[in-house]
Amino acid sequence: MSLTSLSKWLLSRLGSLDAFQWYSYIFGGIFSVWVLCYGIYRILNSIWPPTASFILGHLIYPHLFPRIPFIGTATRFEVLIVFLYLLTNILIITIGVKSEIGSRAATMSVINLIPLLCGPRLSLVTKLLGISLRTSISSHQWFGRTAILQVLVHMIAVLTGGDVFTWTTNNVTGVVAGSAPLRVAYRLMCDTVLIAIWRHLPSKKAVALFFRIGIWLWTLATAAHWAVFAFRNLVFNKPFATATARRLSNKDLEDQSLVGLSTVLQVDITIPRPWHVKAGQSVFLSIPKLGIFTGLRGHPFMISWWERDRKGLTISLLVKSRAGFTAELDRHTNKCLRAFIDGPYGSQHDFGEYGTVIMIATGIGIAGHIPYIKELISGYNNCEVKTRRIRLIWEIEDQCQEVWVKHWMDELLDQDTGYILDISIHVLQGGGKKDLEYGDHSRVRESFGPFMVGTLDGEIKNQRGRIMVSLCANKTVADEARTYVRRKMDKGVRLVELDFEPSLRETGRLLSADMEFKCRG
């Protein structure tokens, strides 16, 4: 059999496959290849560690193109995955009879809609799958974009197919289903859209089966979410959770010229049903007192601190007062408010396996690192971790921001009996001032000027075991740190970015577009 005849036979076989068979074969193949590659990666990583360094340094860490305002950037691995995903969808739609492109596009749009019907909390699916919130959000966005584009292809194919368009019930529901996603962006789970799609789909075709699968997935995920929500908040013979917010005062600072009302709140929440809090966890907070539309909706916050005593569990959040929920909360400070907790969510990172942990934070991003420092110091005191040095680098705009976590830092330094914690604070305002040192063994140093990643060379030179660099910083600092780590991977340096990402304006840097916290879902 010649190569030409083999190609024709292969194309004819591929053209005879329907969308269900295509996706079954492709997802089965991708899953098998993923399991095989992951197994090979783990084996080679244990036998020959440079393998991991090569993959991370050339595929996972490097960005393919510079950061673009409003678009951002992407790593080589992310671009590769998106390219393969889009290519698969294009091939499924275009291979086969040309007159069926519109129907295949509609079928693929419904199939891509299935992952979006994951219930009211994207974070719940993220937790169940064990992936990061960043990965989950990015996947969610691409599923939505692809589904919308395929709906447009279907509508164009129908309108240009030669048949006269009439306003029948089927066509009306099709127009509603096709236009609603454009109005609600990624919120394709809108009841109007789902009802319109259900009415528009032929009941006896495979596409209707896919849609029913999505509806069942949404139903199960929603039921599981509300069951967990009820379990967390409804405890027999115990009151609901209560939240108390207070403005973080600056009165303890010696320089009274810096004193001003802080826009950061500390919210202490008593939990009716305690759990074992871990670093990296977040919760969705609802406070009905703040309004029907504002207070009842869950708002995500990182757990920055927790205390457990005979009365139960109290978690603390650092909240930046902006607009909406946080602005209303700022107006109800020093009041005990009834609250509801949804969670905990979030993926944890095992920093205890590294001899040196370098944490880089900007602005309120310190809230993401405090819990890990608390866990590492506790693990060191109890001989449960390998970590022998923690270097915290915190870049802030003004000295008055130090008060956000001063009381927690003091407690951590008191608990740090092995003197493994070293804190460097970089203040952007006040250039020209002399550097300061505080605490026993000069464990807290304050300098004036932006953080420069080149100052980490000393840590690399005197490293204790493997090094983990953790980022909870704005994109400017994060990109600089990512580039630096790539150059030091031969020294056993690794990188992780936490799910929370501070805005650039919170640190005063003006080197790229402004970014907000990346906590959604």
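F229 and F340 are both buried, where buried means under 20% relative accessible area, exposed means over 50%, and partly exposed covers what lies in between (1.4 Å probe, protein chains only). The model is a predicted one, so local features need pLDDT of at least 70 and side-chain atom pairs count only at pLDDT 80 or more, while totals for chains, interfaces and linings use all residues. Residues are numbered from 1 along each chain as its sequence is written, and side-chain values use heavy atoms, with hydrogens and water left out.

Back to the rings. A pair of aromatic rings is described by the distance of the centres and the angle of the planes. Here, rings of Phe, Tyr and Trp (its six-membered ring) pair if their centres lie within 6.5 Å; planes under 30 degrees apart count as stacked, over 60 as edge-to-face, and the rest as tilted. The structure has 8 aromatic pairs. In one of them, W226 and F229 have ring centres 5.3 Å apart and planes at 80°, which makes the pair edge-to-face. These two residues sit 3 residues apart in helix α10 (residues 206–233), so about one helical turn separates them. Helices (H or I, at least four residues) and strands (E, at least two) are DSSP runs, numbered from the N terminus. W226 is partly exposed, at a relative accessible area of 46%, whereas F229 comes in at 18% and so counts as buried. F229 also pairs with F340: the centres are 6.2 Å apart and the planes at 35°, so this pair is tilted. Because F229 belongs to helix α10 and F340 to strand β6 (residues 336–345), the pair ties together parts 111 residues apart in sequence. Taken together, ring pairs link W226, F229, F240 and F340 into a cluster.

R145 lies over the face of W142, 4.7 Å from the ring centre, and R273 lies over the face of F231 at 4.0 Å.

Buried residues in α7 include L133, I137, H140, A147, I148 and V151.

As for the nonpolar core (buried Ala, Val, Leu, Ile, Met, Phe, Trp, Tyr and Cys residues joined through side-chain atoms within 4.5 Å), the largest one has 42 residues, and L318, M359, I366 and V405 touch the most other members. Elements giving two or more residues to this core include β4 (299–309), β7 (356–362), α13 (366–381) and α14 (406–415). The largest share, 7 residues, comes from α13. Leaving out residues up to four places away in sequence, L318 is in contact (heavy atoms within 4.5 Å) with partners including L248, V264, I366, V405 and W408. A second, separate core of 25 residues includes V283, I303, W306 and L313.

T326, in helix α12 (residues 325–330), is buried at 10% relative accessibility. Beyond neighbours within four places in sequence, T326 contacts L265, F301, V319, K320 and S321.

Finally, the cysteines. Counting pairs of cysteine sulfur atoms within 2.5 Å gives 0 disulfides. C336 is exposed at 59% relative accessible area, and C383 is exposed at 71%.

How values were computed
Lys NZ or Arg CZ within 6 Å of the ring centre and 35° of its normal.
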